[in-house]
Amino acid sequence: MTALSRHVVSARVVSGSAEIPLAGDLLGGITLDAGRLQHVQGEITVADRPGLLEQVDPRTSPRVTIDVSATFLSTGVVRSRAFDLGIRDVTPNREDSTLTLQLASDEALLEDFAQLDDDLTPRLHQGSVRALTSYVLSKLGAALQPGGPDADITAYWPL
């Protein structure tokens, strides 16, 4: 059977200003689901090496960038996509010298910083989806890029 496409996947840990390539075979996958709070989730298993466990410690907020490219052999067209995900959990396996990394998109950070009581401030921003998004992102020290489309998301039901 003839192959229809060839895929190349690489991953690297970004921790502070350092980038650490994750060498060797990568096992795992990434799923995208618009109906899930963490739109992008993934799990990869990588070969362990000295010092890697400390560099992927979720408490230090490292990121994993996964680059995927597909070359469609019949046309020569190349499609690429990069995923910038946070490390949520690391499970070492000493028996086979691997680390399994649980990854998620940044919506997971919102869960980490969620208020334990009701926050009525978002209602003040309901006239603009951008203003509301900016307010939520400010809770974790992030910001929305300026410009772009906006919409009124005012709730039409009583408090």
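Good morning. Let us begin with Ser97, which counts as partly exposed at 43% relative accessibility. On this scale, buried means under 20% relative accessible area, exposed means over 50%, and partly exposed lies in between (1.4 Å probe, protein chains only). The model is a predicted one, in which local features need pLDDT of at least 70 and side-chain atom pairs count only at pLDDT 80 or more, while totals for chains, interfaces and linings use all residues. Residues are numbered from 1 along each chain as its sequence is written, and side-chain values use heavy atoms, with hydrogens and water left out.

Where does Ser97 have its place? Ser97 is in the loop between S6 and S7; here strands (E, at least two residues) and helices (H or I, at least four) are DSSP runs, numbered from the N terminus. Although Ser97 is not a glycine, its phi is positive, at about 55°. Most residues other than glycine have a negative phi. Ser61 also takes a positive phi, near 60°, and is likewise a residue other than glycine. Ser61 sits in the loop between helix H1 (52-55) and strand S5 (63-72), and with 56% relative accessibility it counts as exposed.

I turn now to the sheet. An open sheet of 7 strands runs in the order S2-S1-S5-S6-S7-S4-S3, with antiparallel pairing; two strands pair if DSSP finds at least two bridges between them. Why is one side of S2 and of strand S3 (27-32) left without a neighbour in the sheet? These two strands stand at the edges and each has a single partner strand, so one side of each has no neighbour there. On average, neighbouring strands of this sheet are turned by 30° against each other, direction ignored. The axes behind this angle are lines fitted to C-alpha atoms, and in general angles run from 0 to 180 degrees between N-to-C directions.

Strand S1 (residues 5-15) and strand S2 (residues 18-21) pair in the antiparallel sense over 4 bridges. Within this pair, Arg12 stands opposite Pro21 in S2. The hairpin of S1 and S2 has 2 residues between the strands, and Gly16 takes a positive phi near 65° there. How many bridges join S6 to strand S7 (residues 98-104)? There are 7, and these two strands run antiparallel. Thr91 has Thr100 in S7 as its bridge partner.

Leu26 is partly exposed, with a relative accessible area of 23%. Leaving aside neighbours within four places in sequence, Leu26 is in contact (heavy atoms within 4.5 Å) with Val9, Ser10, Ala11, Thr45 and Val46. Leu26 and Ser10 are 16 residues apart along the chain, and their C-alpha atoms are separated by 7.8 Å.

The next topic is the largest pocket, with a volume of about 410 Å³. A pocket is an open set of points on a 1 Å grid over the protein atoms alone, where a 1.4 Å probe fits and protein lies on both sides within 12 Å along at least five of seven lines; lining residues have an atom within 4 Å of a point. The points are joined across faces, edges and corners, and the volume is the space filled by probe spheres set on them. Of the 19 residues that line the largest pocket, the closest to its centre are Arg63, Gly86, Asp106, Leu109 and Leu140. Strand S6 (77-93) and helix H2 (107-112) each supply at least two residues of the lining. Which of the elements gives the most? H2 does, with 5 residues. The lining divides into 11 nonpolar, 3 polar and 5 charged residues. Here Ala, Val, Leu, Ile, Met, Phe, Trp, Tyr, Cys and Pro count as nonpolar, Asp, Glu, Lys and Arg as charged, and the others, Gly among them, as polar.

Leu109 is found in helix H2 and is partly exposed, with a relative accessible area of 28%. Not counting residues up to four places away in sequence, Leu109 touches Arg88 and Leu140.

Finally, is Ser128 buried or exposed? Ser128 is buried, with a relative accessible area of 15%. Ser128 lies in the loop between H2 and helix H3 (129-138). Beyond residues up to four places away in sequence, Ser128 touches Asp150, Ala151 and Ile153. Gly141, by contrast, is exposed at 73% relative accessible area, and has its place in the segment after H3. Thank you.
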